[in-house]
Amino acid sequence: MITFMNNSDSEEEPCNERTSLMSAESPPVPSYQDGLPASEAGEPQAHRKRRTGSSRSPNNIADGDMSDSGVPVRESTLENEEEELTLKYGAKHVIMLFVPVTLCMIVVVATIKSVRFYTEKNGQLIYTPFSEDTPSVGQRLLNSVLNTIIMISVIVVMTVFLVLLYKYRCYKFIHGWLILSSLMLLFLFTYIYLGEVLKTYNVAMDYPTLFLVIWNFGAVGMICIHWKGPLQLQQAYLIMISALMALVFIKYLPEWSAWVILGAISIYDLMAVLCPKGPLRMLVETAQERNEPIFPALIYSSAMMWTVGMAKPDTAARGPSQQTWDTAEDGRENHRSPSHADSQMPETRSPIPTRPITSFEELEEEERGVKLGLGDFIFYSVLVGKAAATASGDWNTTLACFVAILIGLCLTLLLLAVFKKALPALPISITFGLVFYFSTDNLVRPFMDTLASHQLYI
Amino acid sequence: MNLERVSNEDKLELCRKYYLGGFALLPFLWLVNVLWFFREAFVAPPYGEQPLIRRYVRRSALGLGLWGVGLGAWVGVFQSRRAEWGALGDFFLAFTLPSAPPEPPQILGGVPQNLGGGPRLP
């Protein structure tokens, strides 16, 4: 899910909230392997984040009451300005999301191309029990569809479980789950990844140095993601764990199942975020009722600051807008992917028009940004990584998929600016990606090969 | 987290916690501390808690330097002398160098190169 973040609330949270610092961190893979929904982890964090945003509103409202008279008059103009600002800075948001998505994809593609471990078939996850080593095409197709059904139902179950946990306020459980997930991701998967990379480059490494490196990487990652840390470092860690998760998926999902799962997950995302009875939407609404932020640990947030001029709605007005939760991405965290997918919880928070509170002489600094769920990162990277691993067209197909995903992301952000509510970030990008992959692999590449072999340049 | 929106006391508390955390074999945490609070400690206009923040940043930098020297020495010694250590070197190693050179890249088209020749008739 993708939403606008209109509050610069994170920084001012009371320290027990800690949500702001954790930009969505999706639960690590363990959930897949342990059968635990990863998404759940994301949700509580998203909830917490939500709360942070709303905590500012009371302050803002108080300010607003004092300058009451001018408010109604300015409201409409301020709202218009508000909208203009949103659209105007939407382009910056797009660029700010391009960079992390591109970085994640680059890491995944570079690893796939250089480290053979991630393209070797060494078994499958328990979530995809049907093997694809069958002689007939029909059987293989059937197996991949069955795998997809199992995977999606696991995700749905986990999402619903998370929603129930959230509804019944089992915050500690969710929090513990999230921490366990990120522990596993940050330590175990990094250890495996580092091992494979070192093996590929024939570098000798001793145990003490290895222990030190992994311990530092993991501990600082836990601190940055779950507690307080510099924003760039937190973003970097989220990108790295998304890439690790995507690599695990690429390794352990069988060929055809991976493509069918990608398609099915974007449909699920669409439904879960937009349908009134979708689990993610219910989660968001529950969080809204309680005025709490959703766990942000599974969301990547690109915070950006700018100064708002005088007589503009000050941050108080943000109060209601907080709900627009850009952290729709957090929603993804739901179960979907053991990896941080939860961030994609369909948080359809309908943006509430901000109530501008006139602040005549103040210069308000507002932080605006867009939040993208880590599950989105993961599945984008899975698509591009699979294209890099299995396409016969080599770089052509990979680049085509990359461009397709970025175009999809642009369109999604455009829709976000227009609709101002949490939107699923997967469907458009994954659809474009799949279309580009199959058409480039099967149509463009043979065409270009034939042209090249006949020395015909167009 | 954006430091600009945090109160000075909170900044000091954060710097102090990062400094103390680094003692748990976490020089990376000290590095983050130095980089993150450098501007606050040395570039920003002075405020009440700044001397204390400066102290923590300096100490973190000192600790980081010591760790860097120690680690660099160990890695240098290990990488250059590992082969000579025999069994002890292997005990330390997590990932050894493979004994055989990596296989040559597969030629597209799949015909394995028969470099040694097949069995020959006498």
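Entry 1: I looked up the UniProt annotation and found that the unreviewed entry places "transmembrane region" features at residues 94-112, 145-166, 173-195, 207-227, 234-250, 256-275, 399-419 and 425-444 of chain A. I note that UniProt positions are given in the numbering used here, that feature names are shortened, and that annotations may be inferred rather than shown by experiment. I record that the model is predicted, that local features need pLDDT of at least 70 and side-chain atom pairs pLDDT 80 or more, and that totals for chains, interfaces and linings use all residues. Residues are numbered from 1 along each chain as its sequence is written, chains are lettered from A and ligands numbered from 1 in the order in which they are written, and side-chain values use heavy atoms, with hydrogens and water left out.

I then checked two of these spans. Residues 173-195 of chain A are 100% helix and 0% strand, with end C-alpha atoms 32 Å apart. Residues 234-250 of chain A are likewise 100% helix and 0% strand, and their end C-alpha atoms lie 24 Å apart. Helices (H or I, at least four residues) and strands (E, at least two) are DSSP runs, numbered from the N terminus.

**Entry 2: the two chains.** I counted 13 helices and 7 strands in chain A. Chain B has 4 helices and 1 strand, in the order α-α-α-α-β along the sequence. Of the 458 residues of chain A, 60% are buried; of the 122 residues of chain B, 30% are. Buried means under 20% relative accessible area, exposed over 50%, and partly exposed in between (1.4 Å probe, protein chains only).

I also looked up contacts (heavy atoms within 4.5 Å). Among contacts with a separation of 6 or more, residues 24 or more positions apart account for 85% in chain A and for 43% in chain B. The accessible surface is about 17000 Å² for chain A, 67% of it belonging to carbon and sulfur atoms.

Entry 3: Which residues does Thr190(A) contact, leaving aside neighbours within four places in sequence? I found Leu185(A), Ile214(A), Phe217(A) and Leu244(A). Thr190(A) lies in helix α5 (residues 171-200) of chain A, and its relative accessible area is 9%, so it is buried.

Thr209(A) belongs to helix α6 (residues 207-226) of chain A. Its relative accessibility is 7%, so Thr209(A) counts as buried. Not counting residues up to four places away in sequence, Thr209(A) touches Trp74(B) and Val75(B). Its side chain makes a polar contact with the side chain of Trp74(B) at 3.2 Å. A polar contact is a pair of N or O atoms within 3.5 Å; within protein, one must be able to donate a hydrogen and the other to accept it, and residues adjacent in sequence count only if both atoms are side-chain atoms.

Entry 4: Helix α12 (residues 395-419) of chain A has 25 residues and reaches 36 Å from its first C-alpha to its last, close to the 36 Å expected at 1.5 Å a residue. The expected span is 1.5 Å times one less than the number of residues. Just after α12(A), Lys420(A) takes a positive phi of about 60°.

Helix α13 (residues 426-453) of chain A has 28 residues and should span 40 Å at 1.5 Å a residue; the end C-alpha atoms are 38 Å apart, which agrees. I found a kink of about 45° centred on Thr440(A), the bend at a residue being the angle between axes fitted to the seven residues ending there and the seven starting there. Buried residues of α13(A) include Thr440(A), Tyr437(A) and Asp441(A). Just after α13(A), Gln455(A) has a positive phi of about 60°.

Definitions and conventions. Areas by Shrake-Rupley, 256 points an atom, 1.4 Å probe, with all protein chains shown as cover.
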